[in-house]
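Thanks for coming. Please put the model up on the screen, and I will go through it one part at a time.

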Amino acid sequence: MIRRDALKNIGRITGGVFMLPYACDLTPEINYSNFPLIKKEQQELIGAICKRILTEDFEKFPTPEPRGHFVLTMVNDCLDAEERAEFSKGFEAFQSLFFLPKESTFQELLPKEQEALILENLEDQETELGLFLNHLKTFSLLHFETSENYMKNYLNFEFMPGRYLGKVAV
Amino acid sequence: MSGGWAAKEFTEQGFKTLLLERGPNVEHLKDYPTTNMQPWEFKHRGRLTAKEIEDNPVASRCYAFREDAKHFFVKDKEHPYEQVKPFDWIRGYQVGGKSIMWARQVQRWSPYDFEGPERDGFAVDWPIRYEDLADWYTYVEGFVGVSGNKDGLDSLPDGDFLKPWESNVVEEYFSQQVKKHYSDRHVIYGRCAHLTESRPVFIEQGRGLCMSRRICQRGCPLGGYFNANSTLIPWALKTGNLTLKPNSVVHSVLYDETKQKAIGVRVIDAITKESQDYFAKVIFLNAATLNTNLILLNSKSNRFPNGLGNDNGLLGKYIAFHNYRATISAEYEGFPNYTLEGAKPTTHYVPRFRNLYKQETDFLRGYAAGFEAFPLRETLREGIGNDLKNQLLQTKETGVWGVGSHMMGETLPKESNQVSLDTEKTDEWGIPLLRIDVDYDDNDEKMIQDFYEQFSEMYSKAGFTNIVTNDNGRRPGNDIHEMGGVRMGKDPKTSLLNAWNQMHECKNVFVTDGACMTSTSTQNPSLTFMAITARAANYAIQQLKKGTV
């Protein structure tokens, strides 16, 4: 808890200044046209946060693309310019939580610590950090809820039902 | 789809026919790129990108302009127009037009609809009555395939129907409740252009039964719903009498002042921009309501300096549409132990009951409405991590049903609701931009309030709770039922077309799409456009054979 508070305070001091290099490998992995500077490690960080927001289970709920890539695609393509700017600032604020103690990254936190950090900031939609996390949650949910297994077996989706029964006793 | 009907009738009866389409070809099966895609296969899971919304403020307000079908819609920037007042002009520029993406609801007009303008003193009297069109409705329904019940209502005549899908438990309940409380109101199965039974003509068309996929706007590989691409166009091509020319933008109708009739059309190639004239004995204009108005307004000659046939100055005026602004929703807890299986491509329908037999309100005419009922599902999405995932996995139906209706209101054709040509701006084919000056009026506002009151009462009497009314703010045009501007009528001084859809002043030009409509009634109009077209085409064929046009 103390560690998290410390990280949070550091974030408050440094957050929102610029797009922080989250790690030293500057090789881009996938190019997102509206986020040309986002680096491989930052993409991985987004993926890690999304998986912590909504547990990924690729074996049981396979999707055409990894969670992080889907979420970044939606952020890149479906948020308008103002929302993208807010997202970027929120992402900077999130990264700044880990900036000064160089040795620490989000992925290095214990799962419980990761969850606590996200939950603490998720509820506050007044801040850019909160908006950033909520965008990740919204698109993570969309990714999961449109997965084949979930649609077919939990939402009773049928691509070609060929029938309509209107009085089915439960 | 009315153009496809004209092509079918002429080619079937041996006439060499040229079918011009301003957009590209769309071949049934071959050109439905998303038709078999699963929801999870779409990059944005069906959503539009922010850029698509920004670039298409009009088209993106259409319910069907989404990731799976956006390629069938006109993009705002590519085909601009002038909005004197806010108007959403939703268009589909391709062979088959909007018949690919239409809502497939098909109801006949009744005698009360054709008699409306004369009885209530608006617009002009229709030159035809229901009896003139009844056989043509039957003719069209037999080729289209219409699923429905024979309801025996004089306000919504029965037709040649295929069997309906089953009603659900709440639809049946509401229908019974309305019958119990009101002698003049009915809740019936929504008649739709889907095949629920096979018949020889559908087999000949190569169409199969509807499988309730409910993604019709992508084009149906089964031919389960009716569109021009799967039926009319191949049917006409099969005769060997049809020449189909996509990418052909009709600029104007050519008028020969010596012969005192139209002799053809001027076409701009959509791709090369080259101009070419085509000649014909008879011309059917079916460019979809507002573009038909545009072509006629742009068809200027010494004889008709203000547009073809426009001696009375009324061309482009008396445009009307359907008012879809009002909705109502509620919940019903009466059938907690029932649910649904499968899907169907239609909902229920409440035919017009207001002012049907006599004037009874402080507004003219009335409205129809849809009615749908579905089990409500509860999915909690609190927190994060495994907790969140477990909530998603526990999604369940609550036992409560959601219900809803939307108003389909008749608007009154008025001279002030009109379209005209911009005097300065042109599109990239050199054709003047259309200026659209159409709006709601007080009659529409009063009708909305009445819908709220009447449906709130009907819902309350049925025991529905949490009733919420809503004005969705839809702009005129967003209903995609714009009509008029080249209206039919008895008198050349007050109308443009006669009872056979011939231009009063240019008898070999026929207008049979929505532009010909004298009034709009409340029904989805496509079935009436098709019936009017088949009737007019067969009349034109008779006249051609007699040598009178």
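Helices here are DSSP runs of H or I with at least four residues, strands are runs of E with at least two, and both are numbered from the N terminus. Read along its sequence, chain A goes α-α-α-α-α-α-α-β, that is, seven helices and one strand.

Some housekeeping. This is a predicted model, in which local features need pLDDT of at least 70 and side-chain atom pairs count only at pLDDT 80 or more, while totals for chains, interfaces and linings use all residues. Residues are numbered from 1 along each chain as its sequence is written, and chains are lettered from A and ligands numbered from 1 in the order in which they are written.

Next, the interface. Two residues are in contact if their C-beta atoms, placed from the backbone, lie within 7 Å. By that rule, 39 residues of chain A are in contact with 37 residues of chain B. On the chain A side, β1(A) gives the most, with six residues. That side divides into 23 nonpolar, seven polar and nine charged residues; nonpolar means Ala, Val, Leu, Ile, Met, Phe, Trp, Tyr, Cys and Pro, charged means Asp, Glu, Lys and Arg, and the others, Gly among them, are polar.

What does β1(A) pair with? Its partner is strand β14 (residues 338-342) of chain B, antiparallel, over four bridges; strands pair if DSSP finds at least two bridges between them. Tyr164(A) stands opposite Gly342(B) in β14(B).

Chain B also has an open antiparallel sheet of three strands, in the order β7-β8-β9. β7 (248-256) and β9 (275-279) of chain B are at the edges with a single partner strand each, so one side of each has no neighbour in the sheet. Strand β8 (residues 261-269) of chain B is joined to β9(B) by five bridges, and Arg266(B) has Asp277(B) in β9(B) as its bridge partner.

Last, the cores. A residue is buried if 20 or more other C-beta atoms lie within 10 Å of its own, exposed if 12 or fewer, and partly exposed in between, with C-beta atoms placed from the backbone. A nonpolar core is a set of buried Ala, Val, Leu, Ile, Met, Phe, Trp, Tyr and Cys residues joined through C-beta atoms within 7 Å. The largest has 148 residues, and Val170(B), Val253(B) and Val509(B) have the most contacts inside it. Helix α11 (residues 526-546) of chain B gives the most to this core, nine residues. A second, separate core of 33 residues includes Phe94(A), Phe132(A) and Leu388(B).
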